[in-house]
Amino acid sequence: MTATLGSIGKTTSPGPVAPARESLGSRIAGRLSGGLVRVFLLVVGLFWLVPTIGLLISSLRAPGDMSASGWWTVFGKPSQLTFDSYQKLLENGDITGSLVNTVLITVPATVLVVVIGSLAGYAFAWMEFPGRDWWFLGVVSLLVVPVQVALIPIAELFGKIGLFGSILGVILFHVGFGLPFAVFLLRNFFAEIPRELLEAARLDGAGELRLFARVVMPLGGPAIASLGIFQFLWVWNDMLVALVFTKSGSQPITVALQTQVRQFGNNIDVLAPGAFISMVIPLAVFFAFQRQFVSGVMAGAVK
Amino acid sequence: MTGTRKAVAALFLLPALVLLGALVVYPIGYSIVRSLYDANGDGFAGIDNYKAIFTDDGIRTALKNNVIWVVFAPAVSTALGLVFAVLTERVRWGTAFKLVVFMPMAISMLAAGIIFRLVYDQDPDKGVANAVWVGVHDTFASSSAFPRAHPGRESPLVPQGGGFLTRSAVRAGQPVALPLVGVAPDQMPGDAERAVAAKAEPGRITGTTWQDFTRGKGVGRLGAPDPSELGYAGMRIEAVKGGTVVASAEAAADGTFTLPAAADGARLRLPASNFREPYNGVDWLGPSLVTPAIIGSYVWMWAGFAMVLIAAGLAGVPRELLEAARVDGANEWQVFRKVTVPLLAPVLAVVVVTLMINVLKVFDLVYIIAPGSSQDDANVLALELYRKGFAEGQPGIASAIAVFLLLLVIPVMLFNIRRLRREVRR
């Protein structure tokens with residue numbers, strides 16, 4: 001959706017639609033339907049919130065209470081709320097270790113995609129070399145390749161070169177599959193930079209690397225932010241890739257929790273707070289950078 | 001263009017191209033080749049692995065489920081997204097609403113999976129879906145209080161059609177005892193009181209129905225209420241003569257009941273309605289509903305995506321067109337149907353196609369939400385690929401599934417390239 005890149009983030013609604021005709025009957029009808037719309041949206045909004053609230057409250061109840069009654073009973077008996085499960089979870093070395101692994105995987109995988117993607121995006125946007133557009137189309141065509149295609153081949157490859165089970169292996173995999181989108185997004189954004197800016201810097205004798213670091217990267221801020229947030233969330237939330245390529249010492253929080261799901265029902269005091277802790281960072285990022293997130297989603301609509 | 005320029009360009013591109021080549025392009029080629037070999041990788045298998053996709057029962061289930069997914073999940077998500085996008089324009093707190101619906105996109109499918117395992121819990125006292133469902137159901141059909149009750153030793157009652165019937169006819173003025181056992185103490189009605197033996201009343205049938213069980217050997221007497229025994233409050237009693245009900249009553253809190261003289265000479269029946277299992281809600285994660293249930297959780301995650309894209313498209317729709325239609329006398333539905341939707345068609349297409357690709361890859365939700373017992377019924381290709389490749393030692397078949405998935409997205413790949421080729425040549 002390159003066309004929408006210019007209008008990134010402009011998703012604010014234009015406000016309530018003014019009634020067109022002013023007859024009394026249509027005004028009453030308008031009021032009535034307006035009320036219906038409000039009730040409908042309220043119910044839907046509640047519907048969307050309840051599952052998450054259920055998880056949050058479940059994580060704040062003792063396992064004994066959980067097996068005895070539904071989480072909604074806390075509204076009548078708030079004394080059930082306790083941080084015990086969280087406390088126990090944070091004393092659990094497997095869980096805290098896997099949280100550290102999640103950070104160790106996510107941060108490098110995000111930084112590398114941004115750096116490598118920017119370099120390539122700049123080359124595709126502003127450098128002259130034979131077959132440039134074809135190379136770019138080749139990269140973009142990889143946007144829709146499902147990660148599943150690479151699981152078995154890369155597992156064998158990593159096995160041969162000793163990367164299997166290592167954090168580095170997972171990072172590389174995420175970088176590889178993050179790059180098509182990164183190159184696509186950044187090349188399109190960089191291409192909008194006014195030619196005069198670059199020409200002026202070139203006339204001043206700036207080399208390509210200098211140009212890239214001093215002119216292109218600062219101007220590319222918004223797109224880089226979108227990409228970074230998107231990649232960060234994608235890697236942080238991944239379970240499948242880590243499930244295949246990590247082993248017990250290197251697994252991130254998603255995989256650590258996944259192994260607990262098999263005994264679902266007996267360990268809700270681990271699963272509920274664990275799931276919630278794993279959600280906190282993505283939700284914080286989401287609320288802090290909504291606009292960038294939305295524009296990333298829009299730009300990546302074909303991924 | 002000089003040689004150095006080219007060299008610099010190559011340097012800028014090198015890291016990306018090397019990684020893409022090794023991690024994305026090479027695996028495609030490898031998968032295609034690997035899919036033509038057997039499980040060990042030594043024997044050439046031709047198209048056997050592809051045949052397996054359509055003949056192996058497990059993979060066929062996965063294929064069938066994938067079709068259900070691809071047809072319904074994108075359509076439902078997009079339809080909801082469209083409705084939300086249009087309606088949020090009419091309320092002041094539209095942005096807050098959008099935020100709530102869009103939020104699940106930020107969390108992992110694992111977390112969403114755990115969230116929905118909780119929602120779909122079978123026990124109506126734990127899973128909110130069944131709590132609501134049972135609540136609605138019980139408003140319209142009352143459930144019974146004594147599902148497990150049955151006659152004990154030396155009981156005057158015999159089973160009949162799900163309920164119980166006295167062995168002999170009852171006589172006015174002679175109190176009747178209708179003892180049963182087997183109701184767990186915490187399942188007894190909340191208003192049940194200590195059972196008392198009914199007093200004889202001339203011309204009427206009186207009696208007691210109660211839980212004839214006292215903990216401890218030899219403590220309670222059989223056939224007579226003991227101090228710790230509770231009455232079956234609310235139990236229905238019918239007097240039956242020649243197959244028809246001539247009178248009926250409901251037991252009081254202490255288990256006593258009174259029937260009119262008409263019941264003289266009848267046999268008493270505790271009808272089956274007393275003993276029905278309580279309604280336990282829907283088995284959301286059972287074999288038949290597990291796929292729709294998981295699709296529900298997917299819609300929860302992705303309707304927000306559709307909504308945001310469609311809302312952005314809607315912001316670009318000229319207001320004058322909608323106003324013109326309204327002035328021409330079109331009602332809101334007609335404006336929506338005849339103006340808004342056609343104008344949004346390109347956006348809707350992008351959303352549906354994007355979600356279709358996304359749905360083909362769905363793995364985590366199924367893996368987490370479907371319990372072990374119904375995972376075979378909920379299977380999808382991406383999950384089957386994982387199982388074949390990493391649990392069942394069948395990398396040949398797994399590679400065939402991978403290539404099959406790739407083939408399914410190739411039309412979109414070509415569409416992307418065609419669209420971009422026009423844009424690249426600005």
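Visitor: How far apart are the centres of domain 1 and domain 2 of chain B?
Guide: Happy to start there, with the note that this is a predicted model, where local features need pLDDT of at least 70, side-chain atom pairs count only at pLDDT 80 or more, and totals for chains, interfaces and linings use all residues. Residues are numbered from 1 along each chain as its sequence is written, while chains are lettered from A and ligands numbered from 1 in the order in which they are written. Domain 1 covers 54–130 + 284–377 and domain 2 covers 157–274 of chain B, with bounds from an automatic or database domain assignment. Taken over C-alpha atoms, the separation of their centres is 54 Å.

Visitor: Which residue of β6(B) is the bridge partner of Arg236(B)?
Guide: Strands here are DSSP runs (E, at least two residues; helices are H or I, at least four), numbered from the N terminus, and two strands pair if DSSP finds at least two bridges between them. Strand β5 (residues 236–241) and strand β6 (residues 244–250) of chain B run antiparallel over six bridges. In β6(B), Arg236(B) is bridged to Glu250(B).

Visitor: Which residue in the hairpin of β5(B) and β6(B) takes a positive phi?
Guide: That hairpin has two residues between its strands. The phi in question is near 55 degrees, and the residue is Gly242(B).

Visitor: Which residue of β8(B) does Val240(B) stand opposite?
Guide: β5(B) also pairs with strand β8 (residues 267–270) of chain B, in the antiparallel sense over three bridges. There, the residue opposite Val240(B) is Arg267(B).

Visitor: What is the bridge partner of Thr208(B) in β7(B)?
Guide: Strand β4 (residues 205–211) of chain B pairs with β7(B) in the antiparallel sense over four bridges. In β7(B), Thr208(B) has as its bridge partner Thr256(B).

Visitor: Where in chain A is confidence highest?
Guide: pLDDT is the predictor's confidence in each residue, from 0 to 100. Chain A has a mean of 82, and 88% of its residues reach 70 or more. Confidence is lowest in helix α2 (residues 63–68) of chain A, at a mean of 75, and the highest value, 92, belongs to helix α11 (residues 240–245) of chain A.
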